[in-house]
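Have the sequence and the 3D view open as you read.

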Amino acid sequence: MLPQDPAILLSCVNTWLRDEYDSLDSLCGSLGISPAKLAEKLAGAGYVYDEKSNQFRTI
C-alpha cells in the first residue's frame, strides 16, 4: 500500500500529515502500520519526524 521509494514515501506521508491527519499516530493508525516502523524507514533515508510541525524533515 505504501510506496517503497523513500522520496515518494516522504512526499505521500507529509502530504497526508499536512492535509488529513493531526499526528503521526493517527496517520499510522489509519494505515494499520507502526509509527516506529514508518519513522525507522524514513530515518534510514535521512528524515526524522518533527512533532511540532507534524512533518518529516531532514536530519
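## The core

The largest nonpolar core has 12 residues: Leu-9, Leu-10, Val-13, Leu-17, Leu-24, Leu-27, Cys-28, Leu-31, Leu-38, Leu-42, Tyr-47 and Phe-56. Such a core is a set of buried Ala, Val, Leu, Ile, Met, Phe, Trp, Tyr and Cys residues joined through side-chain atoms within 4.5 Å, and buried means under 20% relative accessible area (1.4 Å probe, protein chains only). H1, H2 and H3 each bring at least two residues to this core; helices here are DSSP runs of H or I with at least four residues, strands are E runs of at least two, and both are numbered from the N terminus.

This is a predicted model, where local features need pLDDT of at least 70, side-chain atom pairs count only at pLDDT 80 or more, and totals for chains, interfaces and linings use all residues. Residues are numbered from 1 along each chain as its sequence is written, and side-chain values use heavy atoms, leaving out hydrogens and water.

## Helix H1

Now look at H1, which covers residues 6–19. Its buried residues are Leu-9, Leu-10, Val-13, Asn-14 and Leu-17.

## A buried Asn

Asn-54 sits in the loop between S1 and S2, and it's buried, at 11% relative accessible area. Its side chain makes a polar contact with that of Tyr-49 at 2.4 Å (a pair of N or O atoms within 3.5 Å; within protein, one must be able to donate a hydrogen and the other to accept it, and sequence neighbours count only if both atoms are side-chain atoms).

Technical notes
Expected span 1.5 Å × (residues − 1). Buried < 20%, exposed > 50% of the residue type's maximum accessible area, 1.4 Å probe, protein only.
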